[in-house]
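Look at the model below. We start in the sheet, move to the helices, and end with the aromatic rings.

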Amino acid sequence: MLYKYISRLNKLPLELKYELGTLVYQRGMLPMSRKAEAVRILKKYGIDFIDVGTGTNRFIVRYDGFALKIALDTDGVADNIQEYAISDSLGSGAAIAYELSRGGHLLVAEYCPAFSTYMEMYNYRDKIIPILRQWSQRFLLGDVGISKINYANWGLRGVQPKCIDYAYLFPSKLNLFQCLCGEYSMEFTDNTFTTYKCTCCGRIIDDSDLRQRVTQAERIKLFKNVAENSLELTDTELTMEIDDATIPKEYNPDAPDIFRYL
């Protein structure tokens, strides 16, 4: 069967991508000023987009039906790289990260409207808890638990909740986090997946405390090879024959980066 794959990043003008990339290295600019500059650049090149949210480190727009995550600083670059690196491992519970720019300053991902309130997230807790329980067996989780500060990191694809910001999930096998007693093994205290307990001394540790122990430089180093080796289409479109059985059904067959799903 013939499939046509479209690179959303390659549809953007090269000059626009260059200008957005320079935002990361501007000194002395507040996050909102960086966002305002990103908006100015997008409008300058006539890009049709919808502002769907701004975090501390990234500006998110809906572009051509996808989420375009624009890094506003080097932490935002680390966020993009990390999401792209672990997206496949998270399965259908996470919005798919499709395409990453070489520098990591732009990420194209599946678009799922974010929850607008904590109550909306809480109403879907019975579907979110099994996802988090499964992830907790392989990852240390940060900023994705069921709490009033994390609701906007989740959204809906139809009636299925999906995590749309998972930049602070770390493979547990990396042994990045250690309790003050020296123990590496930890477990969640309850089904909110927001606080850990050391299995040795019983010390309670908030998930945000854990992830703050990993520096920006360490995060980029951990997943640097993902950005350097990410495969991009050289043209805007590519048509090729693919065995339909080889494409996982949960993926959009119009994925920009075809090599991830062969």
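Strand β4 and strand β6 (residues 106–110) run antiparallel and are joined by five bridges. Within this pair, K69 stands opposite L107 of β6. Helices (H or I, at least four residues) and strands (E, at least two) are DSSP runs, numbered from the N terminus. Two strands pair if DSSP finds at least two bridges between them.

This is a predicted model: local features need pLDDT of at least 70, side-chain atom pairs count only at pLDDT 80 or more, and totals for chains, interfaces and linings use all residues. Residues are numbered from 1 along each chain as its sequence is written, and side-chain values use heavy atoms, with hydrogens and water left out.

Now widen the view. β4 and β6 belong to an open sheet of five strands, ordered β2-β3-β4-β6-β5, with antiparallel pairing. β2 and β5 (97–100) are the edge strands, each pairing on one side only. From one strand to the next, the twist averages 25°. Helix α4 (residues 74–90) packs on the sheet and touches β3, β4, β5 and β6. Contact here means heavy atoms within 4.5 Å. The direction of α4 makes about 130° with that of β5. Axes are lines fitted to C-alpha atoms, for helices over the stretch in contact, and angles run from 0 to 180 degrees between N-to-C directions.

Turn to helix α3 (residues 31–44). Its 14 residues should span 20 Å at 1.5 Å a residue, and the end C-alpha atoms are 20 Å apart, which agrees. The expected span is 1.5 Å times one less than the number of residues. R34, K35, A38, V39, I41 and L42 of α3 are buried. These residues lie on the same side of α3, because they cover an arc of only 165° around the axis. The arc is that of the directions from the helix axis to the C-beta atoms. The buried residues pack against α2 (14–22), β2 (49–54), β3 (58–63) and β4 (66–71). M32 and K43 are exposed, on the face turned away from the buried side of α3. Buried means under 20% relative accessible area, exposed over 50%, partly exposed in between (1.4 Å probe, protein chains only). After α3 comes G46, with a positive phi near 70°.

Last, the rings. Rings of Phe, Tyr and Trp (its six-membered ring) pair if their centres lie within 6.5 Å; planes under 30 degrees apart count as stacked, over 60 as edge-to-face and the rest as tilted. This rule gives seven aromatic pairs. One of them, F170 with F177, is edge-to-face, at 5.7 Å centre to centre and 75° between the planes. F170 counts as buried at 1% relative accessibility. F177 is buried too, at 3%. F188, F193 and Y196 form one aromatic cluster.
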